[in-house]
Every structure is written in C-alpha cells, then in structure tokens.
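Student: Can we go through this model together? I'd like to know where the labels come from.

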Amino acid sequence: MTVTTDGSIRGTTPANPENPWGDTKTAGAPHSGGVLGPTGRPRPVFPDPPPRTVHGPARVVAMVNQKGGVGKTTTTINLGAALAEAGLKVLLVDFDPQGALSVGLGINPLQLDLTVYNLLMERQITARDVLLETGVENMDLLPSNIDLSAAEVQLVTEVAREQVLGRVIKPLLPEYDVCLIDCQPSLGLLTINALACAHGVMVPLECEFFALRGVALLMDTIIKVQERINDELVIEGLLATMYDARTLHGREVLARVVEAFGDKVFHTVINRTVRFPDATVAGEPITSFDSSSLGASAYRELAREVLARWAALER
C-alpha cells in the first residue's frame, strides 16, 4: 500500500458501500486476505454471524475514553444497531449525564420521568420501569439525563458504590446478547461502575494527537479496576474513529496506536463523514438513516469483527 502526497492510496479501487476502505482485497478478492488495510496490517475477512436461535446472557461492554468527542456515543448507537441487524438482542445503557445516547436515538431526555438515575438511587424502581424501546428492532435503551450528574456525589456514601450499576441491570442481562454502556468523558465513579460490571472495555480513539495523550491514564485506570474490582475485565480493543487518510497527521496517529497496542487495535477503522451528525439530528443509527453509506458499512464490518473476537474468546 502506497500513500500519495494527496493522501490517496495508490493501487487501490475507489471506496463504495461494499468496499468502504477502497482496498483491492475487498474489491477484487472477497474471500482472500493479505492486502493491507488502514492500520497497516493484512485485513482478515470476518464472516457473517450465524442466525441466533437462543438469546442471552448478555456480554457487557463499556465504551470508555475520558476525552470527549472521540465517537463513544456514535459507536454505541451504530455498533448496537449493526449487532441488532445481525440478529442479536441489544441493550444500550446511557451512562452519561449529557444524555447524548438518548438524543441520538430520538428521545428527549428532558421529557423523561424515569432514567438510569432513578434506577441507581431509588430501590423501588426496577430496570423494566426505565427500559424504553428504540426505533431499531431488537435494540432497547436505559435512558439518561442531567439528573445522573447528582448520582456521582450521592453514591460516594453507598456501600459497594462501584457495584451499583451492575446490581440494577443484572435482571435484564439474561434476555439480551450484548449490553453496551455509553460512559461519560471522565474516569470518575460512574465510569468505574461501568468498568466494574463489564466483561470488556472498548476504547474509541479519535485519530488526533491530543486523543493519544490520555490513553496511558485510561489504561492505568483499567488495570487498577482489573486488580481491585473486576478481574474478569478485558480490553476488547481500541477503535480508530474520525479517520481521514488524506491527512498525514491522521495516518501517523493511527500508525502510532497500532505500534503501541498491536492486535488490540481493531482492523476496522471508522472514517470521518458528515452522515454521522446527519443521522444524529434525525435520531437514527446510520444503518437505518443511510443504509448504503460508507459509515453504515464500516459499523457492520466492526460488528462482524467484534463477534469474531468474542467467538475466539469463547473457544
């Protein structure tokens, strides 16, 4: 793979929905490998998942990065929708007081009577009282709003305060195949709660220098949670987002991430596109808002890669 001065990749074909990366392996030899993808590694071919005949219990994955604006919410919505499209039952948890996940699914957080905050702080409230259906088949939501910001202070005096989220969502997990928790851009008590109940953590990472600086601190926090609270927690992977192959900076940052974290970096890369904010304004995942777009294809590919990793872990 040769990157020219204008950022294009010499020796590849133009991108299209079936070939979102514009590489020759996807375009010309769909069942072979060996051609380098954006991460500089040979791109595997990830199979479509087999149909699901039974559901549950859910694998819980926390979307974490203390830097804001790196694609956590976008990834939670669109990966969840892609997994639901593949036949999995998906539970999304909006664990950010800004309520961006709820807004991105067309829900006004200010009009909600019950949210995750009530679920955490009021014993008589159950997860089913808070649960909402989304416009996506097989995908449900535990919504949030600004009330959740008070929980971080109120939970400080609770016994086993790091375990509260895991306790309240536990009754729902047998009914779902995957639970994605959209965390706030912070390493505070709410994020620790998400890490404490998760099986894995996914780190969306913008291909920009400042996004790299906080990764070491995040990894240190994950290690502490593994050692002290949740020894079953694993790093699912780092996902490069907002990637623009035309810029030298973006390519250099992605190369440094792969150099530092190796196979922990997903082969799938999410390119920068205006269709993501358009879908957010419409309150839909990109997979339904613009099903044939490059963004939708990329998240479907990510869903296949995630499922392949989970299958390898089970084996």
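Predicted model: local features only at pLDDT ≥ 70, side-chain atom pairs only at ≥ 80, totals over all residues.

Tutor: Residues are numbered from 1 along each chain as its sequence is written, and side-chain values use heavy atoms, with hydrogens and water left out.

Student: Why is the pair of phenylalanine 276 and tyrosine 299 called edge-to-face?

Tutor: Rings of Phe, Tyr and Trp (its six-membered ring) pair if their centres lie within 6.5 Å; planes under 30 degrees apart are stacked, over 60 edge-to-face, the rest tilted. Here the centres are 5.7 Å apart and the planes sit at 80°, so it's edge-to-face. Phenylalanine 276 belongs to helix 12 and tyrosine 299 to helix 14, 23 residues apart. Helices are DSSP runs (H or I, at least four residues), numbered from the N terminus.

Student: What makes cysteine 197 count as buried?

Tutor: Buried means under 20% relative accessible area, exposed over 50%, partly exposed in between (1.4 Å probe, protein chains only). Cysteine 197 has 19%, so it's buried.

Student: And why is threonine 280 called partly exposed?

Tutor: Its relative accessibility is 37%, so threonine 280 falls in between. Threonine 280 lies in helix 12.

Student: How do you know that cysteine 197 is in no disulfide?

Tutor: A disulfide needs two cysteine sulfur atoms within 2.5 Å. The count is 0 disulfides, and for cysteine 197 the nearest cysteine sulfur, from cysteine 179, is 6.9 Å away.

Methods
Helix = DSSP H or I, 4+ residues; strand = E, 2+ residues; numbered from the N terminus.
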